Amino acid sequence: MPKLAIDARRLVRRMSGIGHYVFQIARWVARLAPDFEVNLLLDRAPAKEAIPPGCNAVVLGSYLGDGTPLAKLYSPFWLNHYVPFYCNRAKVDLFHGANFVLPFRLNCKKVATVHDISFIRIPYAYGPIYRRYMVLQTKRSLDTADAVIAISEKTREDLITVFRVAPERVTAIPIGIGDAFRNDYDHDYLNKVRSQLTLPERYILHVGVVEVKKNIGLLLQSAAPLIKNGLVDGVVLAGRDGLGADEIRRLAKELGLANRAHFLGFVPQELLPGVYILAKVVVFPSLYEGFGLPVLEAMACGTPVITSNISSLPEVAGDAALLVSPNNPEELRQALERVLKDEGLCASLRAKGLKRVREFTWEKIAAEHIEVYRRVLRGGDV
């Protein structure tokens with residue numbers, strides 16, 4: 001029985017895209033490949049529901065808390081001390097670094113997932129220390145991995161052109177959407193979401209970290225005249241604060257949206273589908289994305305989508321969204337006006353979106369991961 005170990009620390013933090021990625025890959029590998037022993041490596045004790053059935057939780061080291069300088073130093077120490085010690089002692093056959101980085105001194109095969117290279121493509125969106133760290137760690141992972149998984153064809157292309165990775169070493173496998181994202185919730189649930197989060201009646205939605213690279217300023221500029229004209233009541237921003245959040249809030253006030261731009265912060269998973277369903281339109285005008293999961297989540301919830309025509313976003317959206325330049329507020333304003341006024345267009349986008357998301361099932365995606373795992377263990381080309 002091959003022993004698989006996965007860096008699963010994101011399962012015991014506030015669940016974000018990478019946490020859901022780890023959970024679903026582990027869940028489906030355990031289902032589809034019962035010959036694998038799936039070990040999830042953690043730095044603190046997990047809640048019972050955080051561990052998928054058929055997987056082992058392996059707690060290494062002692063949790064030091066989040067957000068402190070000591071915790072930031074502890075993270076690489078944990079990865080490069082506890083993980084190799086465990087993997088080498090337990091005779092792990094394959095380690096999956098699900099979030100870019102791989103530890104030193106591993107005596108087993110290694111697979112790394114790279115989600116994007118935004119720290120290179122839009123360097124101004126990150127602090128210099130973090131950017132330098134990510135460049136070095138990503139390069140090292142790419143150099144030492146037996147196989148690399150990129151979450152889109154665009155990310156694969158970036159790794160080949162920027163980091164000079166041999167094309168045969170990188171496999172593009174998309175990410176999927178969770179079972180919670182669907183459009184069949186009842187009115188009681190939707191009323192609860194609206195009341196609990198104090199959502200306006202008609203709103204434009206953005207889901208994701210409130211940060212520079214998400215290009216939220218463009219969204220606010222484009223939405224402001226539509227709000228002032230009464231076509232829609234406001235903009236809702238669902239996501240924690242990131243770099244540039246204060247500037248985005250200031251811009252909202254300058255545009256006269258102080259009471260019309262609703263910053264929800266982190267929204268729990270159980271409420272997020274309702275936030276999507278209640279929106280008139282989801283806008284994701286990002287300057288760069290390795291994938292762009294909110295595009296698929298919105299489609300699965302039956303909400304029309306407008307997104308950028310660059311990076312991986314056209315690859316994800318297909319023909320099921322309106323694509324606009326992320327540098328042209330007037331183009332986005334016109335697209336918003338079309339969606340908000342044209343119910344026929346909305347119906348078409350909803351139907352195409354619901355069809356599109358059926359291509360991104362976790363079962364299919366996990367099966368492709370298993371294929372990579374098996375080829376690496378056989379020593380074949382990936």
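Reader: Hello! Which residue is the bridge partner of L94 in β5?
Author: Before we start: this is a predicted model, where local features need pLDDT of at least 70, side-chain atom pairs count only at pLDDT 80 or more, and totals for chains, interfaces and linings use all residues. Numbering starts from 1 along each chain as its sequence is written, and side-chain values use heavy atoms, leaving out hydrogens and water. Strand β4 (residues 94-97) runs parallel to β5, with four bridges joining the two. In β5, L94 has as its bridge partner K109.

Reader: In what order do the seven strands of that open sheet come?
Author: Helices (H or I, at least four residues) and strands (E, at least two) are DSSP runs, numbered from the N terminus. Two strands pair if DSSP finds at least two bridges between them. In this sheet the pairing is parallel, and the order is β3-β2-β1-β4-β5-β6-β7.

Reader: Which strands are at its edges?
Author: Look for the strands that pair on one side only. They are β3 (55-59) and β7.

Reader: What angle does α2 make with β2?
Author: Helix α2 packs on the sheet and touches β1 (3-7), β2 (37-42), β3 and β4, where contact means heavy atoms within 4.5 Å. Axes are lines fitted to C-alpha atoms, for helices over the stretch in contact, and angles run from 0 to 180 degrees between N-to-C directions.

Reader: Which residues of helix α5 are buried?
Author: Helix α5 spans residues 153-162. Its buried residues pack against β5 (109-114), α3 (118-121), α4 (128-144), β6 (147-150) and β7 (170-172). They are T155, D158, L159 and I160.

Reader: What is the strand order of the open sheet of six strands?
Author: The pairing here is parallel. Its edge strands, each pairing on one side only, are β10 (261-265) and β13 (322-324). Neighbouring strands are turned by 25 degrees against each other on average, direction ignored. The order is β10-β9-β8-β11-β12-β13.

Reader: At about what angle does helix α7 run to β9?
Author: Helix α7 (residues 216-228) lies across β8 (203-207), β9 (234-238), β10 and β11 (281-284). Its angle to β9 is about 155 degrees.

Reader: Is N215 buried or exposed?
Author: N215 is found in the loop between β8 and α7. This residue has a positive phi of about 65 degrees although it is not a glycine. Because its relative accessible area is 12%, N215 is buried.

Reader: How far apart are the C-alpha atoms of G176 and F360?
Author: G176 is found in the loop between β7 and α6 (187-197). Leaving out residues up to four places away in sequence, G176 touches L293, F360, W362 and I365. G176 and F360 are 184 residues apart along the chain, yet their C-alpha atoms are separated by 4.9 Å.

Reader: How many charged residues line the second largest pocket?
Author: On a 1 Å grid over the protein atoms alone, a pocket is an open set of points where a 1.4 Å probe fits, with protein on both sides within 12 Å along at least five of seven lines; lining residues have an atom within 4 Å of a point. This pocket has 20 lining residues, and L278, A279, K280, E343 and R350 lie nearest its centre. Ala, Val, Leu, Ile, Met, Phe, Trp, Tyr, Cys and Pro count as nonpolar, Asp, Glu, Lys and Arg as charged, and the others, Gly among them, as polar. By these classes the lining has 10 nonpolar residues and two polar ones, while the number of charged residues is eight.

Methods. Buried < 20%, exposed > 50% of the residue type's maximum accessible area, 1.4 Å probe, protein only.
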